[in-house]
Amino acid sequence: MVDPNIEALFRPKSIAVIGASEKPGKIGHAIMKNLVEYGYEGKIYPVNIKGVEIEINGRKFKSYRSILDVPDDVDMAVIVVPAKFVPQVVEECGQKGVKVLPIISSGFGELGPEGKKVEQQLVETARKYGMRILGPNIFGVVYTPEKLNATFGPTDVLPGPLALISQSGALGIALMGWTILEKVGLSAVVSVGNKSDIDDADLLEFFKEDENTKAILIYMEGVKDGRRFMETAREVSKIKPIVVIKAGRSERGAKAAASHTGSLAGSDKIYDAAFKQAGVIRAYTIGEAFDYARTLSNLPEPEGENLVIITNGGGIGVMATDAAEESGLHLYDNLDELKVFSKHMPPFGSYKNPVDLTGMAGAESYEGAIKDALAHPEMHSIAVLYCQTAVLDPRNLADIVIREYNASGRKKPIVVAIVGGIEAKEAIDRLNEEGIPAYPEPDRAIKALAALYRWSRWKAKQKKE
């Protein structure tokens, strides 16, 4: 059962911005601007102690001197005032009956014991009134199905099936920008900051039930209640995959994490073992995390172990084969069945897996090979590789993959790697926009497919136990 106050974090009917500003460049202005520009359809109430009028894109908002002056109910109040005023504002929000408070303001637990004490008082006040707090020390929250962008990050977040939770504010904002550039669609972005109240486990419980979220990616420096996180993650992993980038692996990194968000990083080996038990897929870099998230949020689970690699270049075929073996993937090796590909290649091609259509492969060869692989009941997953040549424009290959995959009903996992120039990048973007994971290197495509297999095997094992 999802906490209704956390539901209000993602689906608020009305939002107050406390510390809203009429001045561009101020965070209180940026949050108002993002709410308006991203298309939030609920009511927006700016709260500014001076009672100034705030104009966003020609739309004028009357501001209120206090949340208590707002004439209607308020579900969510985004707090952007200096730290010394936050306790009073939280008290007033409680009196108003607000459900959830994302506190952008910093200057609390991350400063040490004194700040932690004030932070704890905020939580106690919130509990007294039955409210929940997100943060403090955050950049806000995005929920694309509701056109909600209550952050001071980028405005043009692409809607999609991946939820992103970040403990780091600056990194979280940068990752939002990165997802736009790399065509990664997001259902949500949540900055958790100091995790004084709402933490990763609370959010996992929401995303478990959320029909708009297919996978969850977390940037984590530490958890306060490790047992609860792991128990929740284990239950969620049985339904939806979780990818975690866990920072603070080294001793010095752990100390840096502690001073950054007041986090207890803990022993990395303990985290590693616990993640494996809970079915959490661990990534060690940002690139790796998003590579995995592409397959885990977009593709169906494989119905068997047999992978077929289709390529036009021996070199990238060999690289993909190495990556498959290192990642524990099984290349389908029934030559009688693989012979079906021989009609799509010249006599000097090879239908042994990896299937080498040769450098002469054009649109017809790829189209036929992809269609046959998608239709074959013993070929459970497919990797399509392409080295850019003058024979076939990579964008045309992207169109072929999209058309054939959609026509097949998207029942098997498929990944694509295209190595080349500007046209190759355009083709990769086109595929990713269509929810078909595509990469500029073959080993990245294979390792991302392997992450899907890892999660699927863990799930199958849980069912047996």
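Helices and strands are DSSP runs, numbered from the N terminus. In this predicted model, P136 lies in the loop between β7 (132-134) and β8 (140-143). The peptide bond that leads from G135 into P136 is cis, with omega near 0°. A cis bond also joins N353 to P354, here with omega near 10°. P354 sits in the loop between α12 (335-338) and β17 (355-356). The backbone of K183 also stands out. Its phi is near 60°, a positive value in a residue other than glycine. K183 belongs to the loop between α5 (169-181) and β11 (186-191).

Confidence was examined next. The protein chain has an average pLDDT of 95, and 96% of the residues score at least 70. Residues 260-265 fall below 50. This stretch still has 29 contacts in the model beyond near neighbours in sequence.

Strands of a sheet pair through backbone hydrogen bonds, either parallel or antiparallel. The pair formed by β13 (residues 242-246) and β14 is parallel and has three bridges. Within β14, R282 is the bridge partner of V244.

The axes of α7 (residues 226-237) and α9 come within 8 Å and cross at roughly 35°. From α7, the contact involves F229, M230, A233, R234 and S237. From α9, it involves Y271, A274, F275, Q277 and A278. By class, seven of the residues in this contact are nonpolar, two are polar and one is charged.

Open space was then examined. Rolling a probe the size of a water molecule over the atoms shows where empty space is left. The largest pocket holds about 650 Å³ of space. Its lining has 23 residues, and G19, N48, I49, V81 and P82 lie nearest the centre. Two elements give two or more residues to this lining, namely α2 (27-37) and α3 (86-96). Helix α3 gives the most, with three residues. The lining is made up of 11 nonpolar, six polar and six charged residues.

The second largest pocket holds about 240 Å³ of space. Together with α16 (442-464), each supplies at least two residues of the lining. Among the lining residues are D272, F275, K276, R282, R454, W455 and W458. G279, V280, I281 and Y284 also line this pocket. By class, this lining has six nonpolar, one polar and four charged residues.

Two residues link these descriptions. F275 takes part in the contact of α9 with α7, and F275 also lines the second largest pocket. R282 is the bridge partner of V244, and R282 lines that pocket too.

How values were computed: Residues numbered from 1 in each chain as written. Predicted model: local features only at pLDDT ≥ 70, side-chain atom pairs only at ≥ 80, totals over all residues. Heavy atoms only, no water. Pairing = 2+ DSSP bridges. Helix = DSSP H or I, 4+ residues; strand = E, 2+ residues; numbered from the N terminus. 1 Å grid on protein atoms, 1.4 Å probe; cavity = no way out; pocket = protein on both sides within 12 Å on 5 of 7 lines; lining within 4 Å. Points joined across faces, edges and corners; volume = space filled by probe spheres on them. Nonpolar A, V, L, I, M, F, W, Y, C, P; charged D, E, K, R; others polar. pLDDT = per-residue confidence, 0-100. Contact = heavy atoms within 4.5 Å. Axes fitted to C-alpha atoms, helices over the stretch in contact; angles between N-to-C directions.
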